[in-house]
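Here is a note to read with the model open beside it. Please check each point against the coordinates as you go.

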Amino acid sequence: MAALIGAAVMAPGAPLHGKKHNADAPAALVAQGHALFVTNCSPCHGADAEGDDGPNLHHKGLADAFIATAVKNGFKNEMPPFGSKLKAPEVKALVAYVHSLQK
Ligand code: HEC
């Protein structure tokens, strides 16, 4: 199953407050990240990350490095750290998913 992704991606252009260009992730990785998101994050951020107790994560210009740090370390008194719960590839998939919401 050759995943033909990326060819039709919309114009890049969302400003990123992390300053670094975020490369697009393969669709399969994004899908895996969404599944992990539903399990781990949806109680607070909603199944599609549109916000509940936690903030909406769409179109915020979040940089990949910031997302990874947020997942690993959490936010004191706001969001639990997932650094010891999730493995590096899982964090990577989550970053790919949240990244995909930034445009
Ligand atoms: C217990 C509820 C809770 C869970 C579970 C949770 N979050 Fe959060 N998250 C929050 C809250 C609340 C904030 C806002 C923290 C702040 O800004 O101080 C936040 C902030 C964030 C941010 C930063 C948003 C921004 O604009 O700065 C990201 C990215 C994020 N969460 C991703 C995730 C991911 C991915 C998961 C699952 C691995 C997750 N969160 C699980 C409650 C949660």
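1. Basis. This is a predicted model; local features need pLDDT of at least 70, side-chain atom pairs count only at pLDDT 80 or more, and totals for chains, interfaces and linings use all residues. Residues are numbered from 1 along each chain as its sequence is written.

2. Fold. The protein chain has four helices and zero strands. Read from the N terminus, the order is α-α-α-α. Helices (H or I, at least four residues) and strands (E, at least two) are DSSP runs, numbered from the N terminus.

3. Burial and contacts. Of the chain's 103 residues, 24% count as buried. Buried is defined as 20 or more other C-beta atoms within 10 Å of the residue's own, exposed as 12 or fewer, and partly exposed as in between, with C-beta atoms placed from the backbone. Take the contacts between residues at least 6 apart in sequence: 63% join residues at least 24 apart. A contact needs C-beta atoms, placed from the backbone, within 7 Å.

4. H3 against H4. Helix H3 (residues 64–73) packs on helix H4 (residues 88–100) at about 125°, with the axes 9 Å apart. H3 is therefore oblique to H4. Angles under 35 degrees count as roughly parallel, over 145 as roughly antiparallel, 65 to 115 as roughly perpendicular, and the rest as oblique. Axes are lines fitted to C-alpha atoms, for helices over the stretch in contact, and angles run from 0 to 180 degrees between N-to-C directions.

5. Who makes that contact? H3 supplies Asp-64, Ile-67, Ala-68, Val-71 and Lys-72, and H4 supplies Val-91, Leu-94, Val-95, Val-98 and His-99. By class, these are seven nonpolar, one polar and two charged. Ala, Val, Leu, Ile, Met, Phe, Trp, Tyr, Cys and Pro count as nonpolar, Asp, Glu, Lys and Arg as charged, and the others, Gly among them, as polar.

6. Ligand. Which of the 22 residues around the ligand come nearest? They are Cys-41, Cys-44, Gly-54, Glu-78 and Met-79. Helix H1 (27–40), helix H2 (42–45), H3 and H4 each give two or more residues to the shell. The shell divides into 16 nonpolar, three polar and three charged residues. A residue is near if its C-beta atom, placed from the backbone, lies within 6 Å.

7. Met-79. Met-79 sits in the loop between H3 and H4. Met-79 counts as partly exposed because it has 17 C-beta neighbours inside 10 Å. Leaving aside neighbours within four places in sequence, Met-79 contacts Cys-44, Gly-54 and Gly-74. Cys-41 is 38 residues away along the chain, yet the C-alpha atoms of Met-79 and Cys-41 are separated by 9.6 Å.

Terms used. Two residues are in contact if their C-beta atoms, placed from the backbone, lie within 7 Å.
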